[in-house]
Amino acid sequence: MTDDAADVCVVGAGPAGGILAAELAGSYDVVVLEAGPRFEDADRERRMERSIRPAYSIPDVWEMGGERDAYTTAGDGYPLNRARVKGVGGTTLHWQGMVMRLHETDFEMASRYGVGSDWPIDYAALRPYYTRAEAELGVAGASDNPFGPPREEPHPLPAFPPSYSDSIFAEACEALGIATHSVPNARNSEPYDGDGACVGYGTCQPVCPSGAKYTAERHVDRAEAAGARVVAEAPVQRLEHDASGERVTAAVYAKDGEERRQEARSFVVACGGVETPRLLLCSRSDRHPDGLANGSGAVGRYFMDHLYAGVGGRYDGPTRQKHVGFNTTESHQFYDDVDAESGSLKLEFINYAGPSPVEQALRADDWGDALLEDLRDAYGTYLEVGALVEQMPRKENRVTLDPDRTDDHGRPVPRIEWRVDDYTDRTLARANEIQRSILAELDVDVEWADGPGSVRPAFHHMGTTRMGVDPAESVVSPRLRTHELENCWIASSSVFVTGGAMNPTLTIAALSLKAAEHVDEALSQTL
């Protein structure tokens with residue numbers, strides 16, 4: 001069955017697809033196709049309660065798993081579904097909500113340091129879109145980062161105050177000459193854009209019941225109010241093109257047990273760093289035998305993530321930490337100290353109260369009053385210093401199709417081939433060294449550490465349809481349009497050339513605003 005043709009078909013209703021659809025819906029007929037369901041706001045409290053029970057994991061909270069979400073992995077093993085959501089809102093339904101701009105150096109890693117690759121655009125080109133993105137997401141921040149890139153104006157909302165444990169870390173960092181500053185967060189420190197201020201549930205990851213944390217539902221709702229049509233539980237199976245192979249003509253999707261075709265003048269693929277290359281590879285044809293937009297062979301390659309480094313232990317004194325749920329203090333002091341030996345890292349001071357009392361109780365040998373005393377003694381006395389660590393793009397790290405396993409619609413599932421290289425391990429070790437010095441200053445014995453040899457991805461999927469000016473080396477141009485298809489754009493972290501060590505969503509939002517402008521320009525020229 002063929003649906004009424006639209007001006008724009010957007011595949012994916014996460015932050016990229018939602019923002020782009022909201023930008024275009026007032027001027028064009030927009031259809032958004034989303035693989036997952038639409039989750040009801042009224043159900044958030046039940047999901048929050050489920051998230052704090054030991055019997056449930058994050059995938060359970062957002063109904064991930066089964067044949068629909070099957071995948072395979074090779075190398076160091078990539079736990080894809082541990083932090084993935086399919087649904088209207090995408091990963092912003094369960095993200096932590098930290099939003100930083102990439103540094104100027106992140107766009108010039110090869111020319112500055114001789115590592116990685118350069119982007120075909122620089123920070124200045126993205127700077128106005130960053131400003132708009134912060135307003136769209138409602139970012140709370142103090143604009144006090146002395147190591148960050150230049151800004152035009154303060155953040156839209158005031159920053160959240162530092163936690164009590166932040167003050168403990170601040171004293172140690174001052175003694176060591178480490179400068180700290182606030183963390184910009186996409187959650188309301190005061191009412192904003194129709195949503196109330198954060199009330200401190202502390203379950204931000206995996207679910208915010210109050211609506212104070214930004215989710216892409218805000219922009220999807222805005223797009224619908226402007227006339228866009230949103231079709232949930234409609235996984236796109238493939239993209240079809242015309243006889244020339246130069247224009248996409250339809251998105252074929254599954255709905256209610258049948259296949260439907262959505263025709264449009266323009267298409268935007270916005271389904272993340274794994275599903276975007278998977279869709280292009282599943283759309284192979286006689287004209288595009290290696291997958292759509294894949295003349296360069298780069299579709300699926302250069303898969304990157306951030307790695308987590310952290311150390312923690314018990315502090316001799318109360319930290320007064322309830323589970324704030326997000327970071328309020330960090331340090332970019334070591335971010336641009338990059339060379340051929342190690343890359344960027346961002347220090348994070350974790351609002352962590354210690355092992356969950358429920359988990360402790362389940363593992364305890366004591367019962368009754370003795371157990372209660374143990375729980376009271378331990379909870380709120382732990383400290384942890386974390387870090388996000390950069391992983392450089394490598395062709396060998398990639399998303400392919402598994403020919404031997406299919407999903408619930410008979411499509412090959414994604415196969416993640418991913419390894420942590422020596423460069424990343426050295427950066428992890430460098431982060432651990434700094435973290436250990438901070439805990440040593442606080443007389444905290446390290447009880448656990450995540451670093452070299454321990455694989456803890458941040459689930460920031462980047463790089464699989466990289467941006468570039470050379471069609472032989474990249475998938476999209478600096479205008480986010482695929483080199484080989486006149487009417488197909490990609491709005492996703494998949495276009496990142498490098499990932500730095502910053503949480504990627506603000507950059508995704510900025511690039512989506514940029515892509516929306518270019519789609520608008522192309523459509524207005526053909527009216």
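Of the 527 residues in the chain, 58% are buried, where buried means under 20% relative accessible area, exposed over 50% and partly exposed in between, with a 1.4 Å probe and protein chains only. The model is predicted, so to speak of local features a pLDDT of at least 70 is needed, side-chain atom pairs count only at pLDDT 80 or more, and totals for chains, interfaces and linings use all residues. Residues are numbered from 1 along each chain as its sequence is written, and side-chain values use heavy atoms, with hydrogens and water left out.

The chain holds 12 helices and 16 strands, taken as DSSP runs (H or I, at least four residues, for helices; E, at least two, for strands) numbered from the N terminus. Its radius of gyration, over C-alpha atoms, is 23 Å, close to the 24 Å of the globule rule (2.2 Å times the number of residues to the power 0.38), so the chain is as compact as a globular protein of 527 residues. Along the principal axes, the C-alpha atoms fill a box of roughly 70 × 50 × 45 Å. Among contacts (heavy atoms within 4.5 Å) with a separation of 6 or more, 75% join residues 24 or more positions apart.
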